[in-house]
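We will go from one stop to the next, selecting a few residues each time.

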Amino acid sequence: LPAFWDSQLFIKDLHFDGVPVRIYLPREPSASKRRGVLFFHGGCGIFGSIRSYERICQYIARKSDSVVVSVGYHLAPEHKYPAQTLECLITAVHFLKTAETYGVDPARVIVCGDSVGGTYAASVCQELGHRTDIPKIRAQVLIYPFLQALNFNLPSHQKNAATAFLSRDHTVHFILKYLSKDYSLREPILAGSHVPESMNLKYRKWINPDLIPEVFKLGYKPPLPTLFLPQVHEEVQELFDLWFSPLLAEDAVVCGLPDTCIVTCEHDVLRDDGLLYKKRLEDNNVRVTWHHVDKGFH
């Protein structure tokens, strides 16, 4: 669909190495090169589009006087995981290499995404953190990101289990649709039966309700131990990929990440993903700005 008209912006539909993008460029001439924003939209990897995020991207371009690139990665399940992550990575590399073509300073490019778009932004930054052949990403903005699929019993999962729009059940349902898996796996994943004890022990230092500030744990009840089911674990190996669960990255990767802004919402099953990543980044001396929306929903 054609773009909504905006008198302050030039809007172009292009392809970056085969991936559809829409670029929003401020019409007002600039004395120096502008900032660039790569925007990855949300929608669980199965919904959403450039058009559905049109007004948001126009707003960002106008208000920040930046060149915004909205990425129209192809959706699952027709395009199988990890096609979405790879396409976001391809567009990031392309834009960093060609930023000056669009009047952008390649040293002032950020990546931004909401929900699964935040997953893609986090993955792109982890993947490119140690690359020396392209400019460094200046910062990442993660808006209520999905960052781990090991534990669906954190305080925010319990508190918002039945919250409208994105319930705890819906979250796992969409994950299974995204990965083209059978929906019968939902209950054992919700219970944590897909994770062996050795893996739980390994990642407890990063994914643990004890790391959540007490103010966010009111009413939290530790779940009962569950039986590990090897057949379920084998069926959902993708959940343990770093591209799917960026929170599992080693410290050697996390310490190389750029300045970060994390947005969390109180009424959101994914709230604690953002809080846990915030702590990991701070523990690795990455500068973090955190915005929490007390009455906000996913």
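Here is a short tour of backbone geometry in loops.

Before you click, note that this is a predicted model, in which local features need pLDDT of at least 70, side-chain atom pairs count only at pLDDT 80 or more, and totals for chains, interfaces and linings use all residues. Residues are numbered from 1 along each chain as its sequence is written, and side-chain values use heavy atoms, with hydrogens and water left out.

**Stop one: cis peptide bonds**

Select Ala76 and Pro77. The peptide bond that joins them is cis, with omega about 0°. Pro77 sits in the loop between β4 (66–71) and α2 (83–98); helices (H or I, at least four residues) and strands (E, at least two) are DSSP runs, numbered from the N terminus.

Now select Tyr81 and Pro82. Here too the peptide bond is cis, and omega is near 5°. Pro82 belongs to the loop between β4 and α2.

**Stop two: positive phi**

Move to Asp17, in the loop between β1 (9–16) and β2 (19–26). What is phi of Asp17 near? Its value is near 50°, positive in a residue other than glycine. Asp17 is exposed, with a relative accessible area of 56% (exposed means over 50%, buried under 20%, partly exposed in between, using a 1.4 Å probe and protein chains only).

Finish at Phe165, which you will find in the loop between α4 (155–159) and α5 (168–178). Phi of Phe165 is positive as well, near 80°, and the residue is not glycine. Is Phe165 buried or exposed? Phe165 is exposed, its relative accessible area being 64%.
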